[in-house]
Amino acid sequence: MAELSATGIGVTADGQAIVSEADLRLAPGELVVLLGPNGAGKTSLLRAAIGLARPASGSATIGGRDVFATPPAERARMLAYLPQARALAWPQSVRDVVALGRFAHGAAPGRLGAADAAAVARAIDAADLAHLADRSTATLSGGEVARVHLARALAAEAPLIVADEPVASLDPRHQHRVMTLLRGFVAAGGGALVVLHDLDLAARHADRLVWMAGGRIVADGPPAATMTSDRIAAVYGVAARVLDTGAGRHVIVEGAL
């Protein structure tokens, strides 16, 4: 099974520990949300876990194999990564950007085999972008561009997706739309690990929450067990109410402590 597993990860910068003894796991069939304030070490942990930056300590495997012993193309076929910065170097059509997701399979825009073209078409349909497929990305809204990048990840047809703040700067409607796309990916058998700052969005969509503070994992479990007013206060320094309703758990942030 294509499971991502990181154990005892430590990351340093300029001699200072920014991640310490962190364990992280992602398997198909779950949507995991990584939570924590700015500077908690979330991105550093992700990059070490997926093999983009070598940690100072600890180890990480994907599919049971050391991530650093796994060739990048093979790793990309097992895990699609959406970093925080997703700028497009130049305007391209939506279809061509989505087709970049097939790069790990040896394809490139304009040179798609039948299987690659079919994967791109499925990703475009899943992200509801068919009516925009031939448009330049320079003409799209922020929410549409976010869906294009997610479609690029879906086109890889990797069993795992790791997305670092995929809903940043989006309005609530587009935030939920992106999370619904990821939920659909998980429902179809994939596994998704997502960094979020919106606690209510995390409570509504996550199967499991991983909480970071001060470079350490301080909790890991389902929203019902880990999303509490006390934990939000300890991690974020804000007062919040957590409500259980028929539509799930909802978080109302009331202010700084």
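In which loop is Asp128 found? In this predicted model, Asp128 lies in the loop between α4 (114-126) and α5 (142-155). The phi angle of Asp128 is near 55 degrees, which is a positive value in a residue other than glycine. With 39% relative accessibility, Asp128 counts as partly exposed. A positive phi, near 70 degrees, also occurs at Ser169, again a residue other than glycine. Ser169 belongs to the loop between β7 (160-164) and α6 (172-187), and at 81% relative accessibility Ser169 counts as exposed.

An open sheet is formed by 6 strands in the order β6-β7-β8-β3-β9-β10, with mixed pairing. β6 (79-82) and β10 (216-221) are the edge strands, each pairing on one side only. On average, neighbouring strands of the sheet are turned by 15 degrees against each other, direction ignored. β6 and β7 run parallel and are joined by 4 bridges; Tyr81 stands opposite Val162 in β7.

Two helices that pack on the sheet are described here. α5 touches β6 and β7, and the direction of α5 makes about 165 degrees with that of β6. Helix α9 (residues 229-236) touches β3 (31-35), β9 (208-213) and β10, and its direction makes about 35 degrees with that of β9.

Lys42 is found in helix α1 (residues 42-49). Lys42 is buried yet has no salt bridge; Glu165, the nearest side chain of opposite charge, is 5.5 Å away. Apart from neighbours within four places in sequence, Lys42 is in contact with Leu34, Leu35, Gly36, Pro37, Val195, His197 and Met212.

Definitions and conventions
Residues are numbered from 1 along each chain as its sequence is written. This is a predicted model: local features need pLDDT of at least 70, side-chain atom pairs count only at pLDDT 80 or more; totals for chains, interfaces and linings use all residues. Side-chain values use heavy atoms; hydrogens and water are left out. Buried means under 20% relative accessible area, exposed over 50%, partly exposed in between (1.4 Å probe, protein chains only). Lys and Arg count as positive and Asp and Glu as negative; His and the chain ends are not counted. A salt bridge is a side-chain nitrogen of Lys or Arg within 4 Å of a carboxyl oxygen of Asp or Glu. Contact means heavy atoms within 4.5 Å. Two strands pair if DSSP finds at least two bridges between them. Axes are lines fitted to C-alpha atoms, for helices over the stretch in contact, and angles run from 0 to 180 degrees between N-to-C directions.
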